[in-house]
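The following paragraphs lead through one structure, moving from loops to helices and then to aromatic rings. Please keep the sequence and the coordinates in view while reading.

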Amino acid sequence: MQVFFKRELRKQRFKLGINQEQMSELLRISPRSYSDLENGKYMCSAMVLIYFILYCDIDANDFFGRLKDFLENRE
């Protein structure tokens, strides 16, 4: 899941045209925590995931559908 999420973070950050510090502010976490997320060191909290979906204007059904496909193809 960390691999999927780090790819999504980076993809959305580039789509928004913002740097890591700006993305960390959007997600209400420290720049260091954001860097760790984008590098796949750990998985985010539920609250950060909610901020990510809401503030990056992501379709939740699409996001979780792609996550499901990703997880099913890794097995």
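**Loops, helices and aromatic pairs**

R28 lies in the loop that joins helix 2 to helix 3. The model under discussion is a predicted one. Most residues other than glycine have a negative phi. R28, although not a glycine, has a positive phi of about 60°. With a relative accessible area of 54%, R28 is exposed, since the threshold for that class is over 50%.

D57 follows helix 4 and is placed in the loop between helix 4 and helix 5. Its phi is near 55°, again a positive value in a residue other than glycine. D57 has a relative accessible area of 70% and is therefore exposed.

Leaving aside residues up to four places away in sequence, Y51 touches L26, L27, R28 and C56. The C-alpha atoms of Y51 and L27 are separated by 5.5 Å, while the two residues are 24 residues apart along the chain.

Helix 4 itself covers residues 46-55, and its buried residues are V48, L49, Y51, F52 and I53. What covers these buried residues? The cover includes helix 1, helix 2 (20-27), helix 3 (31-38) and helix 5.

The aromatic rings of the model may be taken next. With ring centres required to lie within 6.5 Å, the count comes to 6 aromatic pairs. One of them joins Y51 and Y55, with 5.6 Å from centre to centre and 25° between the planes. Planes under 30 degrees apart count as stacked, and the pair of Y51 and Y55 is accordingly stacked. Why are these two residues separated by about one helical turn? Y51 and Y55 are 4 residues apart in helix 4, which accounts for that separation. An α-helix has 3.6 residues a turn, so residues three or four places apart point the same way. The two tyrosines fall into separate accessibility classes: Y51 counts as buried at 16% relative accessibility, whereas Y55 is partly exposed, with a relative accessible area of 40%.

Another aromatic pair, F52 with F63, is edge-to-face, with 6.0 Å from centre to centre and 65° between the planes. This pair links distant parts of the chain, as F52 belongs to helix 4 and F63 to helix 5, 11 residues apart. F52 is buried, with a relative accessible area of 0%. F63 also counts as buried, at 2% relative accessibility. Both phenylalanines belong to one aromatic cluster formed by F4, F5, F52, F63, F64 and F70.

Two packed helices are described by the angle between their axes and the distance between the axes. Helix 1 (residues 2-16) and helix 5 (residues 60-74) pack at an angle of about 140°, and their axes are 10 Å apart. That angle makes helix 1 oblique to helix 5, because only angles over 145 degrees count as roughly antiparallel. The crossing in which helix 1 passes helix 5 is right-handed. On the side of helix 1, the contact is made by V3, F4, F5, R7, E8 and K11, which meet F63, R66, L67, F70 and R74 in helix 5.

Key. Residues numbered from 1 in each chain as written. Predicted model: local features only at pLDDT ≥ 70, side-chain atom pairs only at ≥ 80, totals over all residues. Heavy atoms only, no water. Axes fitted to C-alpha atoms, helices over the stretch in contact; angles between N-to-C directions. Parallel < 35°, antiparallel > 145°, perpendicular 65-115°, else oblique. Left-handed = near helix turned anticlockwise from the far one by under 90°. Contact = heavy atoms within 4.5 Å. Buried < 20%, exposed > 50% of the residue type's maximum accessible area, 1.4 Å probe, protein only. Phe/Tyr/Trp six-rings, centres within 6.5 Å; stacked < 30°, edge-to-face > 60°.
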